[in-house]
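I opened this entry to keep a record of what I looked up, in the order in which I looked it up.

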Amino acid sequence: MASGCSFAAVMVKDGTTLFPNMAIEITSIKVDGNEIPMTAKNYTSSDDGVEMRANIYNSYISEAPEDAHDANGSVYGNPDYSPQIIDAAAAFGDGWTDIEVTFNVTGTGTAAEGGAEVEAEGEESEAAEGEESAAE
């Protein structure tokens with residue numbers, strides 16, 4: 001059983017290049033089958049100008065970056081949005097093995113939104129298994 005977590009996000013590879021207007025809205029997070037309440041809204045951003053992601057829990061930063069946005073535009077400076085949208089101690093404190101994330105993707109310009117290759121990404125003290133599901 002893995003324990004703790006320092007980083008978890010939904011990521012679209014090459015998302016900034018392929019879909020510059022894309023936004024990822026996380027609607028549900030489950031850890032080991034248990035629904036985890038979200039304490040803030042997520043935003044979409046890219047820290048490397050290539051991958052597009054929505055942080056679930058990012059312990060390395062404390063506020064949204066300048067390119068933070070949702071489907072309606074910039075959310076930079078809005079205190080309702082955070083790089084930590086869950087309480088990590090409550091979600092991961094007793095150890096965990098699976099994270100399931102339900103999310104919507106908009107702004108891809110495709111007939112069926114969410115057509116990009118999507119990965120869940122996370123770091124913790126031991127190897128973990130990730131699972132994501134796309135909501136339409």
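I took contact to mean heavy atoms within 4.5 Å. I was working with a predicted model, in which local features need pLDDT of at least 70 and side-chain atom pairs count only at pLDDT 80 or more, while totals for chains, interfaces and linings use all residues. Residues are numbered from 1 along each chain as its sequence is written, and side-chain values use heavy atoms, with hydrogens and water left out.

I looked up Thr 44 and found it in the loop between β3 (34-35) and β4 (52-58), where strands are DSSP runs of E with at least two residues, numbered from the N terminus. Leaving aside residues up to four places away in sequence, I noted that Thr 44 touches Met 22, Ala 23, Ile 24, Met 52, Arg 53, Asp 67, Ala 68 and His 69. The side chain of Thr 44 also reaches the backbone nitrogen of Ile 24, at 2.7 Å. I recorded Thr 44 as buried because its relative accessibility is 0%, buried being under 20% relative accessible area with a 1.4 Å probe and protein chains only.

Next I searched the whole structure for aromatic pairs, counted when ring centres of Phe, Tyr or Trp (its six-membered ring) lie within 6.5 Å, and the search gave one. Phe 92 is buried at 2% relative accessibility, and Trp 96 is buried at 3%.

Finally, I noted that buried residues make up 40% of the 136 residues in the chain.

Note on methods. Helices (H or I, at least four residues) and strands (E, at least two) are DSSP runs, numbered from the N terminus. Buried means under 20% relative accessible area, exposed over 50%, partly exposed in between (1.4 Å probe, protein chains only). A polar contact is a pair of N or O atoms within 3.5 Å; within protein, one must be able to donate a hydrogen and the other to accept it, and residues adjacent in sequence count only if both atoms are side-chain atoms. Rings of Phe, Tyr and Trp (its six-membered ring) pair if their centres lie within 6.5 Å; planes under 30 degrees apart count as stacked, over 60 as edge-to-face and the rest as tilted.
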